Each structure stands twice: as structure tokens, then as C-alpha cells.
Amino acid sequence: MGVLITVLVVFAAAGLVLLAMSLRSVQQYEKGVVFRFGRLLPDIRGPGLRVIRPIGDRMQKVSVQTEVLGIPPQGSITADNVTLTVDAVVYFRVIDPVKALVNVRDYPSAVSQIAQTSLRAVIGRADLDTLLSDRDHINAELKKVMDAPTEGPWGLRIERVEIKDIALPESMMRSMSKQAEAERERRARVIAADGEFQASQRLSDAAATMADTPGALQLRLLQTVVDVSAEKNSTLVMPFPVEMLRFFEHGSRGTDEESAHRSTTRPALPELTVPAPPTAPPTAPRFTLRGEQTVGRAEVARERRDNWPTPADSDSDSSHALS
């Protein structure tokens, strides 16, 4: 009787051991793949407590959670011959546990290598401006390139690929900063010119409104006087109306037109010949005798004329001779 009890106890212990070896717990985020003597069973065990054969069966669990894989920095040359360093991050998960276990060994490492080569290839086909300004297009193209060798053969789905950082050379960064500064200066000038244009349009509309309503200009003048006097200045500035200047301008223009009209309609006067003024007789040159004063030719002729004999003198001389 004692031997029978011992045998029963041994069998019970062996059954408990075999039962413990047959039970497997599968988590909610896992899938169980069972191999029987190295041969894959078609049934994939879902989450929960699963029973397998204790001898010959081996269950391998595969996580179906999304895994994050960082891509180390990769040096590459863009399509416009710019050398840069890019690093990225890949989000993927297992959609077919059988392919992930059977078709590829260490699938996280395989995804890392595919991501590195695909990143270099995509950057080599894009230029620098596209890489900096259109990240979404680069990420989508990178995901498309990585999906081809992973989803079908390996049972992995690339959910998202993101470029984290782009390291540029110092010279390229200085050039880009200069370009950005010039672009901002251009925008500032365009905005200032646009503001001036809009202000001129508003001023033109305001001037047209004031021209239609004469009282508006007077009200504007009074408002200007109030604004100037509100600062408690000792000098009051009175704006001069532009209409008065226009009035004087029109008046002067009419006067000029009237004078021009009169000058064109007035008859021409006969030309008058003005005699030339008499010219003074030429002054006789003076000559000097030795020991005498300077005497002009006119004085010498006058003295000779005075000394010439007259008819009266000749009669008196003849009477004296007869006597």
C-alpha cells in the first residue's frame, strides 16, 4: 500500500511538471509562434494562457508593438554637391510574426541597415533647398524606399520616418544666413513700399472727398489748429490753404495769357532811325619846343589867325604910306 502511494505521488509530480512545461503565457502585445521539432506550426497563438506539447514543441514570442529605431548620423552629398550630415528616426512594427522570424534574422538590425542606405540614397537625389524646406516630401520618399524590402519579404511595416537633424558646414551656414538677411531686407522694403502706396491711395481718396465738400477742408484746418495748440506751445502755426495758392496761380496764369494775347494782336510800330550822336573832334597832338611850354596845334592856328592882316589894317597901312 505504501509503494502504491509512492508511485501515485511520483506520477502526480511528473504530471504537474509536464503541465507546467505545457503552459505558456502570451501577453496582449505579443504573438506566439510554435515550432514542433523544428517545423513551423501554422497556428499562431494569441494572447492568454496557451498549451503546447511539453516535448518537441517550442514557442517563440514576437512583440507587435511599434518599435523606435534611431539611425546614426550619415554623411552624404546632395544633388547640388553639398556635403552634410543627417540623422533620422524610424518607427516600425511586426505585422507578420512568421516572416519576421523565418525570413530574416535579427530584424531590428536589418531595419537599421536598410534605413541607413535608404537615407543616403534619398539625400543624394535631393538638393539642399528641398531637403531644408520640404521635409515631408523627403520623409515620404524615404518611407516608400524602406517599405519595398521590409513589408513584403520580412513582414515589417515602416509606419513613419523622420529626419531629426541636418548638420551643415560653417561656410554654408554663413552663406545661408546672408541669404536670409537679404531676403528679409527685400521683404521689408517691399512692405514699406506697399504701405506708402496704400497711404497715397487713402490720401488721394481723402483729397477727393474734401474737394467735393468745401467745408471739410475748413474742419481739417481747425482740427490741425486744435492739435497744435493742445501741446501748450507759445507759437501757433496756421496752415496756409492750398486753394489760395491755386487761386493766385490761376490769376497769374490768366494775366500772362492776356498779356500774351495783347502782344500778338497789337499792330507793329514803324522802325525809327535814331541818328548817331556826334563824335568829338579828334584832339590835336601836343608838341613841345625846347625852352617853351607845350602848345597844341589848335592854339598855334588860332594865334596865326589872329596875327593875320585884315582889310582894315591894309587900308590904314596904305593911308600912312600916301601921307
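Guide: Start with a space on the protein. The second largest pocket has a volume of about 250 Å³. Keep in mind that this is a predicted model.

Visitor: What makes up the lining of the second largest pocket?

Guide: Its lining residues are Leu 128, Asp 129, Leu 132, Met 172, Ser 175, Met 176, Gln 179, Ala 180, Glu 183, Arg 184 and Arg 187. Two elements, α4 (128–133) and α6 (170–212), each give two or more residues to that lining. The most come from α6, with eight residues.

Visitor: How do the lining residues of this second largest pocket divide into nonpolar, polar and charged?

Guide: Five are nonpolar, two are polar and four are charged. Asp, Glu and Arg count as charged. The lining includes Asp 129, Glu 183, Arg 184 and Arg 187, so these belong to the charged group.

Visitor: Let's move on to Asp 57. Why is Asp 57 said to count as buried?

Guide: Buried means under 20% relative accessible area. Asp 57 has 9% relative accessibility, so Asp 57 counts as buried.

Visitor: Where is the place of Asp 57?

Guide: Asp 57 sits in strand β5, which covers residues 57–63. Setting aside residues up to four places away in sequence, Asp 57 touches Val 34, Phe 35, Arg 36 and Ile 52.

Visitor: What makes the link between the side chains of Asp 57 and Arg 36 a polar contact?

Guide: The distance is one test. A polar contact needs a pair of N or O atoms within 3.5 Å. The side chains of Asp 57 and Arg 36 are joined at 2.6 Å, so the pair is within the cut-off. Another polar atom pair involves the backbone: the nitrogen of Arg 53 lies 3.0 Å from a polar atom of the Asp 57 side chain.

Visitor: Which residues is Thr 150 in contact with, leaving aside neighbours within four places in sequence?

Guide: They are Ile 114, Gly 155, Leu 156 and Ile 158.

Visitor: How many helices and strands does the protein chain have?

Guide: The chain has 10 helices and 10 strands. Of its 323 residues, 19% count as buried. The chain exposes about 24,200 Å², and carbon and sulfur atoms supply 58% of that area.

Notes: Residues are numbered from 1 along each chain as its sequence is written. This is a predicted model: local features need pLDDT of at least 70, side-chain atom pairs count only at pLDDT 80 or more; totals for chains, interfaces and linings use all residues. Side-chain values use heavy atoms; hydrogens and water are left out. On a 1 Å grid over the protein atoms alone, a cavity is a set of points where a 1.4 Å probe fits but cannot get out, and a pocket is an open set with protein on both sides within 12 Å along at least five of seven lines; lining residues have an atom within 4 Å of a point. Grid points are joined across faces, edges and corners, and a volume is the space filled by probe spheres set on the points. Helices (H or I, at least four residues) and strands (E, at least two) are DSSP runs, numbered from the N terminus. Buried means under 20% relative accessible area, exposed over 50%, partly exposed in between (1.4 Å probe, protein chains only). A polar contact is a pair of N or O atoms within 3.5 Å; within protein, one must be able to donate a hydrogen and the other to accept it, and residues adjacent in sequence count only if both atoms are side-chain atoms. Contact means heavy atoms within 4.5 Å. Accessible areas come from the Shrake-Rupley method with a 1.4 Å probe; for residues, only the protein chains shown count as cover.
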